Amino acid sequence: MALPWLFEFWALPHQMAPEGAWRTWVIMGGRGAGKTRAGAEWVRAQVEGSRPLDPGRAKSVALVGETIDQVREVMVFGPSGILACSPPDRRPVWEAGRRRLVWPNGAMAYVFSAHEPESLRGPQFDAAWVDELAKWKKGQETWDMLQFALRLGSHPRQVVTTTPKNVGVLKTILKNPSTVVTHAPTEANKAYLAASFLEEIRARYDGTRLGRQELDGVLLEDFEGALWTTEMIETARAEPPESFSRIVVGVDPSVAGKPGSDECGIVVVGAVTEGPPKDWRAWVLEDATVTGGSPQKWAEAVVSAYHRHGASRVVAEVNQGGALVEDVLRAVDPFLPVRKVSASTNKVARAEPVAALYEQGRVGHATGPGRHLGVLEDQMCLVTRQGYQGKGSPDRVDALVWALTDLMIDAARFGALRPQVRAI
């Protein structure tokens with residue numbers, strides 16, 4: 001009879017509180033990863049004693065959510081909330097007029113809204129549960145007020161359950177030495193989720209930057225001065241048309257062909273170039289980038305992407321390798337139409353006109369399975385006016401830039417119908 005209430009028996013690894021003298025435990029996970037249940041069970045572990053009337057480690061708890069309604073409907077009364085997780089002999093009583101829970105042993109939990117940070121000025125607590133911090137509009141102010149109120153007991157603690165977003169308050173908390181983190185994707189809790197939900201949500205968002213955040217629970221940062229932002233990319237996400245005026249495969253080759261060498265960026269882009277250039281629009285269709293391996297490997301991947309999408313031609317950078325790029329592609333497909341391009345400016349200067357196309361709403365990122373755009377989008381958000389902020393080289397972004405420059409910028413500048421295709 002007791003087994004259903006023994007959370008340590010049923011809990012997933014990311015739902016168990018880490019050991020050590022931490023002050024803040026952040027549970028970052030995808031949608032449906034079991035964060036709410038972990039938060040509710042942690043509150044139980046703080047307030048409950050060995051027997052129903054025995055005191056626990058905490059007597060006064062703050063429950064803080066975006067709104068009062070969300071705290072009540074999710075953290076208190078929700079299917080994974082405190083009341084649902086509590087055994088009958090330890091279940092607290094909800095006092096609606098005072099917005100609080102009262103346990104049989106006298107412990108209490110008070111409800112607060114992140115829209116009213118000043119409501120935390122005055123009360124004091126020895127534990128707190130903070131839910132979906134990353135989406136609070138007054139996140140920093142509310143968090144600061146909570147820290148001043150968390151002052152009772154010998155070692156007050158707090159747990160934060162949230163899907164990560166690129167907000168300053170969350171990044172500051174994660175950098176604090178007294179913070180510990182557990183992490184899990186949505187699939188970690190798949191035993192309690194509808195199979196149709198997982199299939200549908202993965203089919204729609206797998207491989208995208210939004211999917212990495214909302215399903216994998218990965219914190220994706222935007223850097224100051226970035227040419228692309230998460231918001232810009234999400235705004236660009238759209239269903240592609242059935243046909244295009246032209247499709248090209250942009251290639252930033254990896255010449256070394258050794259383990260640990262740069263990737264060979266391979267990005268497929270299609271464009272509709274009917275009417276005046278201001279009406280042209282492009283869609284990023286696939287990131288077919290390959291990592292490591294021989295030049296033969298990436299050449300085969302380029303040719304495969306070319307035929308798979310019915311592309312007009314390949315646009316390949318030849319700054320490194322020169323004749324090698326031509327030779328390896330010719331070895332795979334002697335009739336492959338290729339435009340060889342050389343970089344005369346730095347990566348940022350080449351990328352800025354392409355980023356401007358995104359700002360103008362003229363580039364979309366195609367939705368649907370098989371696109372694999374997530375890592376490309378991560379690289380895009382790391383390209384700043386001061387240079388690339390990631391590790392290695394942004395080979396995927398380089399391939400994207402070459403493709404969009406050929407389709408949209410050079411075509412508008414020199415004429416979309418000029419003789420551009422060259423067979424090698």
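Student: Which residue in S15 is the bridge partner of Arg237?

Tutor: His365 is the bridge partner of Arg237 in S15. This is a predicted model: local features need pLDDT of at least 70, side-chain atom pairs count only at pLDDT 80 or more, and totals for chains, interfaces and linings use all residues. Residues are numbered from 1 along each chain as its sequence is written, and side-chain values use heavy atoms, with hydrogens and water left out.

Student: How many bridges pair S9 and S15, and in what sense?

Tutor: They pair over 2 bridges, in the parallel sense. Two strands pair if DSSP finds at least two bridges between them. Strands (E, at least two residues) and helices (H or I, at least four) are DSSP runs, numbered from the N terminus.

Student: Which strands stand at the edges of that sheet?

Tutor: The open sheet runs S9-S15-S12-S11-S10-S13-S14, with mixed pairing. S9 (237-238) and S14 (338-341) stand at the edges; each has a single partner strand, so one side of each is left without a neighbour in the sheet.

Student: New topic. Ser60, buried or exposed?

Tutor: Ser60 counts as buried because its relative accessibility is 12%. Buried means under 20% relative accessible area, exposed over 50%, partly exposed in between (1.4 Å probe, protein chains only).

Student: Where is Ser60?

Tutor: In strand S2, residues 60-65. Leaving aside neighbours within four places in sequence, Ser60 is in contact with residues including Met108, Tyr110 and Leu152. Contact means heavy atoms within 4.5 Å.

Student: And what does Trp228 contact?

Tutor: Beyond neighbours within four places in sequence, Trp228 is in contact with Ile233, Tyr358 and Met380, among others.
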